[in-house]
Amino acid sequence: MAQKYDITMKNIFSDMADDIMSYFLGLQYTKIDELNIEFARVERRDSDMIFKCTTDRGNVAVHIEFQSENDGKMPYRMLRYSLEIMEKHNLLPYQIVVYIGKDNVKMANSLSYDFGEQNTLDYKYRIINVGNIKYTDVVGTNYYDLYSLLPLMDKNRRKEEGEKYLERCVEAIKDIPLDINKKKDIAFKAEILSGIVYKREVIEKVFSEVVKMFRIEESETYKMIIEKGIEKGIEKGIEKGEKEKSIKIAKKLLEEGMDIDKIAKITELAKEEIKKLIN
């Protein structure tokens with residue numbers, strides 16, 4: 001079960017690696033290769049992500065681990081990884097634990113002892129608590145793969161707003177200026193990760209709306225709108241004299257199940273006028 005969990009986590013986070021290194025670590029780097037460390041001798045576990053990168057301080061191994069629960073043994077595990085990286089690849093490790101858990105971080109990020117000058121250890125690594133990252137610090141950036149982590153961010157705001165916060169995250173994902181397949185992938189990962197902090201019924205309710213929206217975007221009507229250049233109308237407004245066309249589009253979008261607010265935004269028809277079309 002643990003091995004399956006590791007594989008699942010790797011699949012979820014694999015696309016985020018570049019954004020994590022750029023955003024969280026602030027590294028100026030060029031990724032050269034992905035490395036692999038397996039602790040067959042110790043704990044039969046693969047590391048989450050290790051990349052050989054070139055930086056202004058030379059080649060390093062950027063090692064990223066993901067934790068959804070506190071682990072009191074984490075410092076020992078990270079130290080073993082550090083030693084394996086240096087021994088196997090002859091690289092200095094830059095290590096980070098990305099904590100995505102519901103509870104507060106209770107793990108230490110260091111190990112040390114001192115039995116005199118010739119018998120000491122002073123080892124540290126970095127822990128990033130995703131819950132401490134502000135929603136507004138990520139939304140509006142082009143780190144789109146990190147949008148999958150939005151439901152786990154901004155812990156205080158998340159607790160205050162509850163379901164509304166998750167809805168806000170879904171809206172942000174829906175508005176990403178990427179193709180629909182990429183947005184689906186990001187939304188799918190966000191839905192999985194939401195399970196760490198939200199109840200299943202809330203997740204199903206909120207994400208059913210985004211699935212519905214994606215279906216609309218794939219519909220022939222929506223494609224017709226894009227092809228005819230009406231997409232520009234979302235930002236600039238539909239030209240005067242095309243009200244009849246706007247009404248026709250509004251009717252089709254109502255049939256597709258799009259909500260009135262969205263239709264009003266696309267067609268620039270008054271909400272009251274759109275409601276009349278329902279009848």
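User: Is Asn 90 buried or exposed?
Analyst: Asn 90 is exposed, because its relative accessibility of 69% is over the 50% cut-off. Please note that this is a predicted model.

User: Where does Asn 90 lie?
Analyst: Asn 90 sits in the loop between α3 (74-89) and β4 (92-99). Although Asn 90 is not a glycine, its phi is positive, at about 55 degrees.

User: And what about the phi of Asp 154?
Analyst: Asp 154, also not a glycine, has a positive phi of about 50 degrees. Asp 154 is in the loop between α4 (135-138) and α5 (155-161).

User: Buried or exposed, Asp 154?
Analyst: Asp 154 counts as buried, because its relative accessibility is 7%, and the cut-off for buried is under 20%.

User: Changing topic: how many salt bridges are there?
Analyst: The structure holds twelve salt bridges. One of them joins Glu 65 and Arg 77, with the closest N and O atoms 3.1 Å apart. This pair links distant parts of the chain, with Glu 65 in strand β3 (residues 58-67) and Arg 77 in helix α3, twelve residues apart.

User: Are those two buried or exposed?
Analyst: Both Glu 65 and Arg 77 are buried. Together with Asp 71, they are linked in a network of salt bridges.

User: Which helix holds Glu 204 and Arg 200?
Analyst: Both lie in helix α8 (residues 200-218), four residues apart, about one turn of the helix. Glu 204 is partly exposed at 46% relative accessibility, whereas Arg 200 is exposed at 62%.

Notes
Residues numbered from 1 in each chain as written. Predicted model: local features only at pLDDT ≥ 70, side-chain atom pairs only at ≥ 80, totals over all residues. Heavy atoms only, no water. Helix = DSSP H or I, 4+ residues; strand = E, 2+ residues; numbered from the N terminus. Buried < 20%, exposed > 50% of the residue type's maximum accessible area, 1.4 Å probe, protein only. Salt bridge = Lys/Arg side-chain N within 4 Å of Asp/Glu carboxyl O.
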